Amino acid sequence: MTEDFICFIWKFRQFSQKDLKTIYSEPVEIITPGIYNKDAGPDFSDVKVRINNTLWAGNAEVHIQSSDWERHKHGQDEAYNNVVLHIVYEHDKSVLRNDGTEPPTLELKSYIIPGIEKRYHMLMENLSWIPCEKQMGQVDEIYIGNWLSRMLIERLEEKSSGIFALVKECKGSWDDAFYIQIARNFGLKVNALPFELLARSLPQQILGKHKNSPLQTEALLFGQAGLLNEEQQDVYTSLLTKEYHFLKKKYSLKPIDSYLWKFLRLRPQNFPTLRIAQFSALILKSTRLFSQILEIKETKKIADLFKGLRPNPYWDNHYRLGKVSTGVSPQLGQEAINNILINTVAVMIFSYGKYIDDENLMRRAVDILENLPSETNHITKRFNEIGVACGNADRSQALLQLKKSWCDKKNCLFCAVGAKIINSD
Ligand code: SF4
């Protein structure tokens, strides 16, 4: 038995409300169970109950045993004077509020709907990939769909907090924040950090001054990435190195450490060198990309900005500097473009919409996700296997949020899917 379980029982009224009585046999009628509060203070606020024909409005506190009230020192805390109902699984001791009065106490033990506790334990003690692995596929799609819509907004809002911090760091410039964010995205998970450090080491205002010169743009990026070393020189790399030495001095630049870049176990298509070349092509297209993207209404047209990126012809037969390869497709693939739209474009548009309080922009971010195919990763694959379809990117993003922030933390009691499973006979 846990307090969370009692809170769940109270919140979803999973007990017989007929002949409900306090420990002193006063009739209790619940008008509203209130709002669950996970932070400090009483467990529920805005509770309305009628006790012995008197309507009470205030807070409710939940405990396994009524003596927990004293263990938690609520009797010494004025914040608990407004507790209008003390909800306990078992009443073992009368307790007092700080003002010397006794809170009305409801002992739930004998009212709880039979079977609920067993289903709760079965769910919480399950050691599968996620606790409801065996049941989730049977839950009505309407519950899952509604819950996942909430998960998607929760994920976007969480990501917005990080973006707001980044914009602050960039002294309020959303274009600069976008530049850093999209650089991270070009690095995928493996090289996100060095890509971010590269962008931070090279303000896009410097790149902007050279945006008419593909050679200088690549020289700045590869030089700052620390990837122009002496051993791998061919004609093109020598040219880049020469340009970089000049520009490095001109702008007093300091490159990042080359050892940060990871090539191991990556498909050549994802080598950071080719990614930097693609990033360079993006920079040559525009250094105020975010402002440009905000003007575009259709997802397809935003995707076209990335589809047309053509790195320098050197990359037609190179994955790395100084090493000739065959079969190279130098342009960004569709999967990479979708990844950028999901993880940078939609997130930045949502954050900006939230920042300027524009619901249309927030809606547009969700539209982008709804119009892109689901991501394929081990989490979406597992959800598919247990009978939960991933649909489009809005849904795969929501499932990632559900897994990370709810299933892994066993927050099943407060998840709509968990509530449905525990409540169903
Ligand atoms: S949090 Fe919800 S979806 Fe996740 S395991 Fe628990 S009940 Fe299932």
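**Close-up views of a predicted model**

At 12% relative accessibility, Tyr 319 counts as buried (buried means under 20% relative accessible area, exposed over 50% and partly exposed in between, with a 1.4 Å probe and protein chains only). The model is predicted, so local features need pLDDT of at least 70 and side-chain atom pairs count only at pLDDT 80 or more, whereas totals for chains, interfaces and linings use all residues. Residues are numbered from 1 along each chain as its sequence is written, and side-chain values use heavy atoms, with hydrogens and water left out.

**View 1. The aromatic pair of Phe 271 and Tyr 319.** The structure holds 26 aromatic pairs (rings of Phe, Tyr and Trp, the last by its six-membered ring, pair if their centres lie within 6.5 Å; planes under 30 degrees apart count as stacked, over 60 as edge-to-face and the rest as tilted). Phe 271 and Tyr 319 form an edge-to-face pair, with 6.4 Å from centre to centre and 75° between the planes. Phe 271 lies in the loop between α9 (235–251) and α10 (272–285), and Tyr 319 in strand β7 (residues 318–320), 48 residues apart. Helices (H or I, at least four residues) and strands (E, at least two) are DSSP runs, numbered from the N terminus. Phe 271 counts as buried because its relative accessibility is 12%.

**View 2. The aromatic pair of Phe 290 and Tyr 352.** These two rings, Phe 290 and Tyr 352, are edge-to-face, at 5.8 Å centre to centre and 90° between the planes. Phe 290 belongs to helix α11 (residues 289–295) and Tyr 352 to helix α13 (residues 334–355), so the pair ties together parts that are 62 residues apart in sequence. With 2% relative accessibility, Phe 290 counts as buried. Ring pairs also link Phe 290 and Tyr 352 with Phe 164, Trp 174, Phe 178 and Tyr 355 in a cluster.

View 3. Strand β3 (residues 44–51) pairs with strand β4 (residues 54–65) in the antiparallel sense over six bridges (two strands pair if DSSP finds at least two bridges between them). Lys 48 has Ala 57 in β4 as its bridge partner. In the hairpin of β3 and β4, two residues stand between the strands, and Asn 52 takes a positive phi near 50°. Strand β5 (residues 83–90) runs parallel to β4, joined to β4 by six bridges; Gln 65 has Glu 90 in β5 as its bridge partner.
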